[in-house]
Amino acid sequence: MTRDELADALRAIVGPRGVLSRASELLPLSADGLPTYRLPPTLAVLPSTRQHVIDVVRLLAREGVAFVPRGAGTGLSAGALATGDAVIIGLNRLTRIISIDPVNRLAVVEPGAVNVSLTRAAAAHGLHYAPDPSSQTACTIGGNVAENSGGPHCLKYGVTLNHVVAVTVLLPDGGVITLGDADGETPGYDLLGAFVGSEGCFGIALDVTVRLVPDPQAVRTMLADFMSIEAGARATSAVIASGILPAAIEMMDGPTIRAVEASIYAAGYPADAEAVLLIELDGLEAGIDDEARRVQAMCTEAGARTVRIARDDAERARLWQGRKKAFGAMGRVAPALVVQDAVIPRTRLPDVLRTIHEIAARWNIQVCNVFHAGDGNLHPNIAFDPHDADATDRVHHAMREIMRACVDAGGTITGEHGVGLDKLEYMPLIFSPESLDAQCRLRSAFDPERRANPGKVVPVHACREWLATPAARALA
Amino acid sequence: MTCVHCGFCLQACPTYLALGDENDSPRGRILLVRALAEGALPLDDPDVRTHLDRCLGCRGCETACPSGVPYGHILEAARATLNETEPPPRLARAVLAMFARPRFLALALAGARVLRLTGIARLLARLPGRLGFACAILAASAPPLATRAYVPSARGVRGTVAVLAGCVMRGLFAHVNRATERVLSTNGYRIVSSPGQRCCGALHAHAGDLAGARALARRNIAAFEQTGAEHIAVNASGCGLMIKEYGHLLADDPAWAERAAAVAARARDVSELLADAGPAPGAPMPRRVAYDAPCHLLHGQHLARQPLAVLAAVPSLDVVPLPNADQCCGSAGIYSLVQPLLAQQVLAPKLTEIARAAAPLVATGNPGCMMHIGAGMLRARIPARTVHPVELLDASYAAAHGATPPDR
């Protein structure tokens, strides 16, 4: 089938408004939330129903065409972009919350359901969906499953994997299987665990069954500001060492604070501070104020200038909005942005941040750091002007050095954004060739033809079977 | 301020929610406009035109954007550029031309009033298609409250106010204009007359006819300068936003830039002026009302609290929450005429929420929204009417003056 014939065949399934085939209308799908990557696809299909998705994937299987599942396109690893001739399957029209079962605290949703819409729908039952990535107002549950997304509250409540109990998966060959079980553990291999975080390489989630969590009885949200990152890091370590498990501990550095304060989401962070900590405690009303006082004392001890507790829900929401929209506010600093994602042992936070500052100074770039301090998940954001070739080059050099510094400190290359295209080159820093090969073989079990999100997650040269192909031999 | 493509605007965009295509989302349109600007796409690319035409210009995305991208200005500039290669559709041009000609417009609106008064509009409102909806829009503009005029105790301690008469407001909502004057007087503002006003130019600017908008703006600036009033009160939020943006519109015109900025700085939504004054409470009105925020009031002028303060001044008024009241109703100036199907699609979820709220009144401070939502309710047989917030306050003041009860 030619491209045009394929487009017509897809139109026959989803209707004329469900296929994008002209270069201009494919342009908006050339990027996700990471503006440094632009890969215009050659064809995209926007199914409106579950049956559309199944029929589309079966057609592509028959034709041997690769595909890339895409949700809201808010990912930060260029994972939802099309490599080569892969067809983008946009799942953002499948937004239904199929059912909410307040008694068993479960919900079944379509893959395009927006994260926050589930929490809103569950609110009437005093429940919520715990994983809350910063993009929760836009990102989809399907995308969260693909990336095994975290969010500030995963410190206490766990990541997406801990909240997904079952997924109906459409395999790349068109078969439909169920992984996991809404009623509890399933015997056999934990394929659900393998699927969550597989970045669209194992197939498409047709529906996802997730756990809902009761809203906490009491919440205390605190803001502590410091004149140095080190002091903020000391406070974080002290709180964790004390045995108190906050729902979240988030840190932002001076440049980030100032970008947020200039935005519509200004949260009232002190603009002259070099670090703020946003600490949230939740649980039973009894004892929470005592815990809050202890945390307050630990922050003061570590050098906090002020520690204030949000007086009401409105102030609490404002403090959180500032944190969650921080990355989006970077457009105020410069036109383009590299968002990084790394994890380091929490105790190494001050040294790694010092190293990052040295790297930034050496390459003459500005790094704005946002991090989930409680679990050491670091997001150094570098804003720059993409029209300045020299600056772009320096940014990329610095980024590599930062990633290496995180790995050298005993950390890893992604906490929650996934590998996608962006982190491919770092995979060999973390995994031995044998480990990478094992991942390739797992992928082959789900998708032997490698048609689902090709070219992502595992560098293709790490796959032994690929190395045995004529193409690889020719390259060698 | 540049778009970093974070996607936080997607769920704030009514057309993305209705169509599920990133081409019909703010960041998608920004990519398309950027491609035009960089020459990657030709100016006559039909896809770019289609997706820009589908934008309501509600600016909901600006409220969601952490980077503060001035989307509305990007859209207007892009439309102006596209208009150079291909003019907008004939219907849009005809409507814009009519709004630029006061006598012609007055005649058309007088005709519309006849259709409304004779009940013909209401009779035809259930006809299918564009004609039926146009009649429903007209029928929905009739006053929902029978309020007898009263003489406000004018004190004038808060300064002088020139009221923007507005085109649709003057032609179809004269009762709201009278109410605006009475409630402002009651709250201590002294109304001064302001002859020589024209259409504010908002419809022209949104459609990319920036030259037309500038010509109208200059006439209004001159007219308002003549009044010497401290404030320019506007009771149509779309017009209010336009006047507040006169400084931006004429920034490149050295003869007018400063004057435009000065007039823009004096423009206030009527709810702002009233909120500044309290406003004074009236007589109790035990009615149930849902509030829907006009986009150009909430997202354009960032006024969320003030209209609610107006409603709060009416004792025992039961203001019920309307979920997603911050989302566009689909009216958007002449959008409901030039994109009738999509305008209905955008309106549909709002009508569902209104039916659920079960309030006989829906308050909103913009004539387009009043008519579009009102028409939708009429055709969907939802037993509710739209009302301007100042009408409720005015009825409450009238009752306090011992006039007829604010109901019929």
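This dialogue explains how to read several features of the predicted model.

User: What confidence scores does the model carry, and what pLDDT does chain B average?

Analyst: Where pLDDT is low, the predicted coordinates should not be read in detail. In this predicted model, chain B has an average pLDDT of 94, and 98% of its residues score at least 70. The model as a whole scores ipTM 0.92 and pTM 0.93.

User: How should I judge the overall form of chain B, and what is its radius of gyration?

Analyst: One compares the radius of gyration with the value for a compact globule of 408 residues, which would be near 22 Å; chain B has 21 Å, which agrees. Along the principal axes, the C-alpha atoms of chain B fill a box of roughly 65 × 50 × 40 Å. Of the 408 residues in chain B, 57% are buried. Among contacts in chain B with a separation of 6 or more, 77% join residues 24 or more positions apart. The secondary structure of chain B comprises 23 helices and eight strands.

User: How is the packing of two helices described?

Analyst: Two packed helices are described by the angle between their axes and the distance between the axes. In chain A, helix H8 (residues 229–241) and helix H12 (residues 349–363) have axes that come within 9 Å and cross at roughly 155 degrees. H8(A) and H12(A) are therefore roughly antiparallel, and their crossing is right-handed. H8(A) contributes Ile229(A), Glu230(A), Ala233(A) and Thr236(A) to the contact, while H12(A) contributes Leu349(A), Pro350(A) and Leu353(A).

User: How does H12(A) pack against helix H13 of chain A, and which residues meet there?

Analyst: The axes of H12(A) and H13(A) (residues 389–408) lie 10 Å apart, at an angle of about 160 degrees. Since angles over 145 degrees count as roughly antiparallel, that term applies to H12(A) and H13(A). The crossing of H12(A) and H13(A) is right-handed. Residues of H12(A) in this contact include Val352(A), Ile356(A) and Trp363(A), and those of H13(A) include Arg394(A), His397(A) and Cys406(A).

User: Where is Val167(A) placed, and which residues does Val167(A) touch?

Analyst: Val167(A) is in strand E8 (residues 164–170) of chain A. Leaving aside residues up to four places away in sequence, Val167(A) touches Val145(A), Leu179(A), Gly180(A), Leu192(A), Phe195(A), Ala205(A) and Val208(A). Gly142(A) is 25 residues from Val167(A) in sequence, with their C-alpha atoms 9.8 Å apart in space.

Notes
Residues are numbered from 1 along each chain as its sequence is written. Chains are lettered from A and ligands numbered from 1 in the order in which they are written. This is a predicted model: local features need pLDDT of at least 70, side-chain atom pairs count only at pLDDT 80 or more; totals for chains, interfaces and linings use all residues. Helices (H or I, at least four residues) and strands (E, at least two) are DSSP runs, numbered from the N terminus. The radius of gyration is taken over C-alpha atoms; the globule rule is 2.2 Å times the number of residues to the power 0.38. A residue is buried if 20 or more other C-beta atoms lie within 10 Å of its own, exposed if 12 or fewer, and partly exposed in between; C-beta atoms are placed from the backbone. Two residues are in contact if their C-beta atoms, placed from the backbone, lie within 7 Å. pLDDT is the predictor's confidence in each residue, from 0 to 100. Axes are lines fitted to C-alpha atoms, for helices over the stretch in contact, and angles run from 0 to 180 degrees between N-to-C directions. Angles under 35 degrees count as roughly parallel, over 145 as roughly antiparallel, 65 to 115 as roughly perpendicular and the rest as oblique. A crossing is left-handed if the near helix is turned anticlockwise from the far one by less than a right angle, and right-handed if clockwise.
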